[in-house]
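Please look at the structure below. The report that follows describes how parts of it are packed and paired.

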Amino acid sequence: MTRLRQLQQAGVSIWLDTLSRDLLDSGEFTRLVDRGVTGATSNPTIFAKAITESTAYDRQLALLADRGIRDPRELFFALALDDVRAAAGHLRPVYDRTGGGDGFVSFECTPDIANDTAATVEQAWYLWTRLGLPNVMIKVPATAAGVPAIEELTARGVNINVTLLFALRRYDQVIDAYMTGLERRAARKEPLGHVASVASFFVSRVDTKADAELPPGSPLRGTAAIANARQAYRLHQARFHSTRWRPLAASAASDQRPLWASTGTKDPHYSDVRYVEQLIAAGVVNTMPLATLEAFDHHGDPAFAPIDPDDTADDRASTALRATGLNLDQITTKLEREGVQAFSRSYDQLIASIHDRMRGLRP
């Protein structure tokens with residue numbers, strides 16, 4: 001049995017943190033699904049790389065131009081949503097086999113509206129209805145404006161992948177928004193069983209920021225991200241075993257699974273599979289870059305000690321970090337802001353690239 005299959009047996013859903021036309025057309029995506037991949041995620045940076053660095057989209061762009069479609073954002077939606085539909089088709093057997101528990105593809109709202117609740121709700125609803133597939137998720141950032149959008153969209157029955165989560169305080173708000181959205185559906189006698197959601201906690205970026213504030217050689221370097229994520233898992237366990245959750249679960253509601261994002265190791269001094277091995281737990285998703293997925297399948301340890309919800313070692317690690325003067329709240333707040341800014345730059349680059357390509361096509 002492969003290491004990926006063993007990781008699945010430990011209760012971890014393996015999602016691929018990339019999506020492109022080349023990956024789909026080459027058959028590689030199908031082969032990855034056959035090896036155990038049960039989901040895929042995308043974001044503006046992923047699509048910027050896919051579309052700007054490949055000629056695979058040129059023919060479709062020309063066809064869209066012939067139809068008079070020249071708005072760069074609409075062209076981006078046309079290209080990217082076709083990829084999402086194709087990936088969802090490959091993953092539909094997983095969705096059906098798991099009774100809607102897995103097999104999802106995520107597509108992100110454009111980052112220019114990350115701080116606008118009404119615009120996020122409007123665009124997410126548009127994307128959801130345009131795709132019209134049960135095994136897609138719309139990614140909504142966990143900004144202050146994103147939290148009420150998550151509640152409203154959940155109440156409408158939209159599958160939401162909450163992205164750019166860094167802080168435990170914000171995660172608690174996100175869980176509350178998800179539960180409130182489901183409670184609103186229940187009050188209207190609307191079904192809950194088909195609504196799915198994940199909460200994407202970004203991992204490696206936390207270590208990058210925290211390590212930069214710790215002295216070289218500090219034994220606390222490389223501990224912040226794992227401690228933060230494990231505390232998030234413990235928060236998930238507490239909230240989704242609470243008295244508030246029980247009537248929703250009795251009405252067939254699914255819990256909002258924790259998803260570990262940004263799991264590619266950025267510091268070469270650390271193991272290239274540390275953010276997979278050290279975050280094993282039943283009922284979580286790990287969305288991996290292709291290089292991380294291949295590395296784990298080659299030399300990862302699927303039997304690495306799983307997260308223990310009763311273990312307070314992560315609390316002690318956080319206390320030790322705070323004792324150095326490191327302010328994790330400030331770090332996670334900055335990471336949220338920088339995450340939106342980074343996706344905005346990628347989105348602007350993508351739109352500019354599409355605009356440049358369209359200038360080369362006849363009107």
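Buried means under 20% relative accessible area, exposed means over 50%, and partly exposed lies in between, with a 1.4 Å probe and protein chains only. Helices (H or I, at least four residues) and strands (E, at least two) are DSSP runs numbered from the N terminus. Strand 7 is covered on both faces: Arg257, Leu259 and Ala261 are buried on one side, and Pro258 and Trp260 on the other.

Strand 7 pairs in the parallel sense with strand 6 (residues 197–202) over 5 bridges, where two strands pair if DSSP finds at least two bridges between them. Alanine 261 in strand 7 is the bridge partner of phenylalanine 202. Strand 7 also pairs with strand 8 (residues 284–288), again in the parallel sense, over 2 bridges. There, asparagine 286 in strand 8 is the bridge partner of tryptophan 260.

## Basis of the model

The model is predicted: local features need pLDDT of at least 70, side-chain atom pairs count only at pLDDT 80 or more, and totals for chains, interfaces and linings use all residues. Residues are numbered from 1 along each chain as its sequence is written, and side-chain values use heavy atoms, with hydrogens and water left out.

## The nonpolar core

In soluble globular proteins, nonpolar side chains tend to be buried together. A nonpolar core is a set of buried Ala, Val, Leu, Ile, Met, Phe, Trp, Tyr and Cys residues joined through side-chain atoms within 4.5 Å. The largest one here has 121 residues, of which Phe29, Phe47, Phe76, Phe107, Ile138 and Trp260 touch the most other members. Helix 6 (residues 72–97) gives the largest share of this core, 13 residues.

Which residues does phenylalanine 29 contact, leaving aside its neighbours within four places in sequence? They are Leu16, Leu19, Leu23, Leu24, Ala40, Ala87, His90 and Leu91, where contact means heavy atoms within 4.5 Å.

## Aromatic pairs

Rings of Phe, Tyr and Trp (its six-membered ring) pair if their centres lie within 6.5 Å; planes under 30 degrees apart count as stacked, over 60 as edge-to-face and the rest as tilted. The count by this rule is 14 aromatic pairs. One of them is the tilted pair of tryptophan 15 and phenylalanine 104, at 6.5 Å centre to centre and 50° between the planes. This pair links distant parts of the chain, with tryptophan 15 in strand 1 (residues 12–16) and phenylalanine 104 in strand 3 (residues 104–108), 89 residues apart. Tryptophan 15 counts as buried because its relative accessibility is 0%, and phenylalanine 104 is buried at 1%.

Phenylalanine 104 also pairs edge-to-face with tyrosine 95, at 5.6 Å centre to centre and 85° between the planes. Elsewhere, ring pairs link Phe47, Phe76, Phe77, Phe107, Tyr126 and Tyr347 into a cluster.

## Helix 10

Ser204, Val206, Asp207, Ala210 and Asp211 are the buried residues of helix 10 (residues 204–212). These residues cover an arc of only 150° around the axis, which puts them on the same side of helix 10; the arc is that of the directions from the helix axis to the C-beta atoms. They pack against strand 6, helix 11 (224–239), helix 13 (274–277) and helix 16 (328–359).
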